[in-house]
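Trainee: Could we go through this one together, starting with the helices and then the strands?
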Amino acid sequence: MISVGTTESNDCLISVKKHKKLEIFFINEEENPYANHIKKLINDYCLDNNHSNVFIEINDKGALDFCILARLKTALERLEK
């Protein structure tokens, strides 16, 4: 499993691994009011960039969209190597 980011405030930790389908697991989803938005952001990015066979785990600590996408893109690039 490839992990990118931190669990510091205003950041997120994204972990990815190859999987049979696209699956997004959000840690502490019930406590995060933006969980659905973030899951949609990740889902849309993955579908637009043909990443349909990956398991993604996100631990968000208040990261903004551009930070989440940067972490996700880096994790997916490292997974492909």
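Mentor: What follows is a short chat about helix packing and strand pairing.
Mentor: This is a predicted model, in which local features need pLDDT of at least 70, side-chain atom pairs count only at pLDDT 80 or more, and totals for chains, interfaces and linings use all residues. Residues are numbered from 1 along each chain as its sequence is written, and side-chain values use heavy atoms, with hydrogens and water left out.

Trainee: At what angle do helix 1 and helix 2 pack?
Mentor: Helix 1 (residues 35-48) and helix 2 (residues 65-80) pack at about 45°, with their axes 11 Å apart. Helices (H or I, at least four residues) and strands (E, at least two) are DSSP runs, numbered from the N terminus, while axes are lines fitted to C-alpha atoms, for helices over the stretch in contact, and angles run from 0 to 180 degrees between N-to-C directions.

Trainee: Which residues make the contact?
Mentor: On helix 1 they are His37, Ile38, Leu41, Ile42, Tyr45 and Cys46, and on helix 2 they are Asp65, Ile68, Leu69, Leu72, Lys73 and Leu76, where contact means heavy atoms within 4.5 Å.

Trainee: Now the strands: in which sense do strand 1 and strand 2 pair?
Mentor: Strand 1 (residues 2-5) and strand 2 (residues 12-18) are antiparallel over 4 bridges, and two strands pair if DSSP finds at least two bridges between them. Gly5 has Leu13 of strand 2 as its bridge partner, and in the hairpin, with 6 residues between the strands, Asn10 takes a positive phi near 65°.

Trainee: And how many bridges join strand 2 and strand 4?
Mentor: Strand 2 pairs with strand 4 (residues 54-60) over 7 bridges, in the antiparallel sense, and Lys17 stands opposite Phe55 of strand 4.
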